[in-house]
Amino acid sequence: MPLNIHFISGLPRSGSTLLAAILRQNPRFRAGITTPLHSLVMDVLKGMSGALDLSKVFISDEQRKRIVAAVINAYYADVPERSIIFDTNRGWPMALPVLSELFPDAKVVCCLRSVSWILDSIERQVARHPWQPSKMFNYNPAMDVYSRVEVLIKDHLVGPSLRSLRQAWFSEYGKMLIGFRYESLTEDPAESIRQLYGALGERPFEHDFNNLHYEEPEYDNSLGMPGFHTVKSSVEPNRRATILPPDIFCQYNECFWEDKDSNPRGITII
C-alpha cells in the first residue's frame, strides 16, 4: 500500500516541534523532530548521478524514481497501514520536484516566523546554557551575538532554511505548500489546527492543548542545547521583549509571506 505521507518544513524555531507534539496526539498520525530521510534521499540521488560514470549508462530516470521510492518506503516500513506520516526536515522544499512525482497528494507544511524572533529564540538558548558551548557554533564560547548571527544567516540553520523556503514558495510547485504561522499556532491552536486538518483533507480530531508531552534530550544534548526541542505542557502565546541588539532585530525582521504580492501561487497560509 502506498505511503500516506506529508512533510513538515519551513523555518527553525517556528513551531515545527510543537506542531509535531500536537499532531502525534492523533493515533493515526506519526510525527516528530527532524529525520535523516531527506539526507538519505539526496545521497541516493547523488549516487545515481553522473558522479558515477556507470550510472549515466545503466540507470534510467524511471529506475531512479523506483529506488528513491523504495528508500522512503523502507524507512517507514514499520508504520502501521493507514497511518498518516509527517516527516520533518527543513530540506524538503528543495525536493518538491521529486516529492511531486512520488507523492502527488502530499503537502509540505512550512512553519513561518519572523527571522528576528528565530534569532532571538536561538540566542536565548545560548544564554540559558553558558556551561555548554554549542555544536551549532563549533563549540566556541568566545563568539558574540553578531558572530553567531552571521553563522546562522550565512551557512547554518537559519539562512539555508530561508533560502530553501523562498525557492519553493515562488516555484511552480508552490501549490504543494501550506504556510503555518508560529503566531497562529501559539495564540489560537484549536482554530489553526482545525484549518490545517481542513487543508490536508483530514477528518477532525479533538486535541488536548494543555496536555502535551514531547522532548528529545539525547539529540538536544548532542547539540549542546539542552531542552532545544522540549515542548511545554500547554500551548500559550509567546509575548516578550527581544534580547537582540536593535540593529540585528531590525535588519532581520522579515516576513515576506505576509505580503499578498509575494504569494503568486496562492499558497494557503494559516
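Mentor: Let's start with S5, residues 177-181, and S6, which pair in the parallel sense over two bridges. Keep in mind that this is a predicted model.

Trainee: What makes S5 and S6 a pair?
Mentor: Pairing takes at least two bridges, and S5 and S6 have two bridges, so they count as a pair. In this pairing, Gly 179 stands opposite Ile 269 in S6.

Trainee: Where do S5 and S6 sit in the sheet?
Mentor: The order is S2-S3-S1-S4-S5-S6, six strands in an open sheet with parallel pairing. S2 (29-31) and S6 (268-269) are at the edges; each has a single partner strand, so one side of each has no neighbour in the sheet.

Trainee: And which strands does S4 pair with?
Mentor: S1 (residues 4-10) pairs with S4 over four bridges, in the parallel sense, and Ile 8 stands opposite Val 109 there. S4 also pairs with S5, over five bridges, with Val 108 opposite Leu 177.

Trainee: How do you know that both faces of S4 are covered?
Mentor: In a regular strand, side chains alternate between the two faces of the sheet. On one side of S4 you have Val 108, Cys 110 and Leu 112, on the other Val 109 and Cys 111, and all are buried. Buried takes under 20% relative accessible area, and five of the five residues of S4, 108-112, are buried.

Trainee: Why is Glu 172 called exposed?
Mentor: The cut-off for exposed is over 50%. Glu 172 has 58% relative accessibility, so it counts as exposed. You'll find Glu 172 in the loop between H8 and S5.

Trainee: Why are H1 and H10 called roughly perpendicular?
Mentor: Their axes cross at roughly 75°. Angles of 65 to 115 degrees count as roughly perpendicular, so H1 and H10 get that label. Leu 19, Ile 22 and Leu 23 of H1 make the contact with Ile 193, Leu 196 and Tyr 197 of H10. The residues of that contact are six nonpolar, no polar and no charged.

Trainee: Which residues have the most contacts inside the largest nonpolar core?
Mentor: Ile 72, Leu 119 and Ile 122, in a core of 49 residues. Helix H8 (residues 158-169) gives the largest share of this core, five residues. There's also a second, separate core of 27 residues, which includes Leu 23, Phe 29, Tyr 197 and Ile 270.

Note on methods:
Residues are numbered from 1 along each chain as its sequence is written. This is a predicted model: local features need pLDDT of at least 70, side-chain atom pairs count only at pLDDT 80 or more; totals for chains, interfaces and linings use all residues. Side-chain values use heavy atoms; hydrogens and water are left out. Axes are lines fitted to C-alpha atoms, for helices over the stretch in contact, and angles run from 0 to 180 degrees between N-to-C directions. Angles under 35 degrees count as roughly parallel, over 145 as roughly antiparallel, 65 to 115 as roughly perpendicular and the rest as oblique. Contact means heavy atoms within 4.5 Å. Ala, Val, Leu, Ile, Met, Phe, Trp, Tyr, Cys and Pro count as nonpolar, Asp, Glu, Lys and Arg as charged, and the others, Gly among them, as polar. A nonpolar core is a set of buried Ala, Val, Leu, Ile, Met, Phe, Trp, Tyr and Cys residues joined through side-chain atoms within 4.5 Å. Buried means under 20% relative accessible area, exposed over 50%, partly exposed in between (1.4 Å probe, protein chains only).
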